[in-house]
Amino acid sequence: MAGDDAQGKAESPPGSLVDFVIRHAQVRTNLCTQQRFETGYRLEPRTVPDYNLIFVTRGQAVWVIEGQPYPLRDGDLVVVPPGVPHHGYSQTPQITLESFHVEASLPSGQDVLAILTPPRFQHVEPNSYLDRYLRTAQAEFDRPDHAQARLMLQSWGRLILLELLRDNALRGRLRYQPIDPLVMDLLEGLRHKLGQPVSLEDLARWSGFSPQHLNRLFQKHIGVTPLQYLTRLRMEHAAQRLLTGRSTVRAIAQEVGYDDPYYFSRLFRRHFGRSPAQYRQAAGQPADPPPI
């Protein structure tokens with residue numbers, strides 16, 4: 001049996017990097033299929049232009065990726081990168097597997113799975129969220145309404161890919177692309193400054209670099225400026241508070257660093273396409289609940 005990672009031991013990426021990538025990943029599901037055979041299955045040698053996730057739910061198979069065989073049983077998952085030669089075949093007459101073709105990038109265009117890379121082979125922990133998502137998605141293939149099934153599988157592809165990154169990060173399986181230590185320090189530091197007034201000059205003084213150099217570093221590694229990233233953190237934290245808390249919009253605005261609730265509302269609308277009150281009402285919550 002192949003190990004968890006034929007390319008060597010994975011390293012655990014910093015939590016702030018994982019959080020950032022998962023929060024901002026733009027995932028596209030290109031194709032979802034289920035292969036179910038009773039008399040054996042063979043995939044001829046090929047390459048694909050996207051990432052191909054193969055999950056076995058019945059029977060046994062072998063996937064050969066760049067000449068490396070990966071024996072697969074129920075609950076095993078392989079990830080085939082784009083442009084990598086591979087083929088596969090079943091070892092039992094009965095075989096069922098799911099196949100998801102996905103792409104994921106940050107807003108600046110970086111390949112998410114090049115920044116956080118899962119192993120090519122792994123056994124998915126039974127009853128984990130990843131296992132549940134993969135097995136629940138299987139039911140979509142049995143929908144009589146194929147158009148609705150295709151629509152739902154688009155969402156499942158995104159959910160499964162992001163959960164794969166979360167699950168692998170928790171289990172120490174991810175390899176990660178090193179990012180400038182200063183950027184990592186700032187990513188971590190900004191998470192703790194949601195309610196504090198912060199300027200680019202403040203960050204420049206803290207880092208010892210000019211504001212221009214700091215912006216260039218962030219743009220290179222993250223795709224946004226430090227203050228753009230902080231604004232996103234604030235808006236997403238505010239959205240969670242709107243759905244789970246009983247605080248007023250004004251109180252939430254102050255909690256994430258905005259004394260002017262009208263300016264906060266404009267930023268929130270720009271980020272989510274609706275005002276804080278509309279966002280709350282769309283989730284079935286009162287626009288501004290009375291204070292307790």
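## Helices H5 and H6

In this predicted model, helix H5 crosses helix H6 in a right-handed sense. H5 spans residues 181–190 and H6 spans residues 200–207; the two pack with their axes 12 Å apart and at an angle of about 130 degrees. That angle makes H5 oblique to H6.

On the H5 side, the contact is formed by Leu-182, Asp-185, Leu-186 and Leu-190, and on the H6 side by Leu-203, Trp-206 and Ser-207. Classified by residue type, this contact has five nonpolar residues, one polar residue and one charged residue.

## The two faces of H6

Four residues of H6 are listed as buried: Leu-200, Leu-203, Ala-204 and Ser-207. They lie on the same side of H6, because the arc they cover around the axis is only 100 degrees. The cover over these buried residues includes H5, H7 and H8.

The face of H6 turned away from the buried side carries Arg-205 and Trp-206, both exposed. Trp-206 also takes part in the contact with H5. Just after H6 comes Gly-208, which adopts a positive phi of about 85 degrees.

## Helix H7 and its packing on H8

Helix H7 (residues 211–221) packs against helix H8 (residues 226–244) at an angle of about 60 degrees, and their axes are 8 Å apart. H7 is therefore oblique to H8. Leu-214, Asn-215, Phe-218 and Gln-219 of H7 meet Pro-226, Gln-228 and Tyr-229 of H8. By class, four nonpolar and three polar residues make up this contact, with no charged residues.

The buried residues of H7 are Leu-214, Leu-217, Phe-218 and His-221. Their arc around the axis is only 95 degrees, so they fall on the same side of the helix H7. These buried residues pack against H5, H6 and H8. Two of them, Leu-214 and Phe-218, belong to the set that meets H8. The face of H7 turned away from its buried side bears the exposed residues Gln-212, Arg-216 and Lys-220. After H7 comes Gly-223, with a positive phi near 95 degrees.

## Helix H1 against H5

Helix H5 also packs with helix H1 (residues 15–24): the axes of H1 and H5 come within 9 Å and cross at roughly 75 degrees. H1 and H5 are therefore roughly perpendicular to each other.

The residues in contact are Ser-16, Leu-17 and Phe-20 of H1 together with Met-184, Leu-187 and Glu-188 of H5. By class, the contact of H1 with H5 comprises four nonpolar residues, one polar residue and one charged residue.

## Ile-95 in strand S8

Ile-95 belongs to strand S8, which covers residues 95–105. The residue Ile-95 is buried, its relative accessible area being 1%.

Once neighbours within four places in sequence are set aside, the contacts of Ile-95 are with Gln-35, Arg-36, Phe-37, Tyr-41, Val-56, Arg-58, Gly-59, Gln-60, Ala-61 and Ser-90. Ile-95 and Gly-40 are separated by 55 residues in sequence, while their C-alpha atoms are 6.7 Å apart in space.

How values were computed. Residues are numbered from 1 along each chain as its sequence is written. This is a predicted model: local features need pLDDT of at least 70, side-chain atom pairs count only at pLDDT 80 or more; totals for chains, interfaces and linings use all residues. Side-chain values use heavy atoms; hydrogens and water are left out. Axes are lines fitted to C-alpha atoms, for helices over the stretch in contact, and angles run from 0 to 180 degrees between N-to-C directions. Angles under 35 degrees count as roughly parallel, over 145 as roughly antiparallel, 65 to 115 as roughly perpendicular and the rest as oblique. Contact means heavy atoms within 4.5 Å. Ala, Val, Leu, Ile, Met, Phe, Trp, Tyr, Cys and Pro count as nonpolar, Asp, Glu, Lys and Arg as charged, and the others, Gly among them, as polar. A crossing is left-handed if the near helix is turned anticlockwise from the far one by less than a right angle, and right-handed if clockwise. Buried means under 20% relative accessible area, exposed over 50%, partly exposed in between (1.4 Å probe, protein chains only). The arc is that of the directions from the helix axis to the C-beta atoms.
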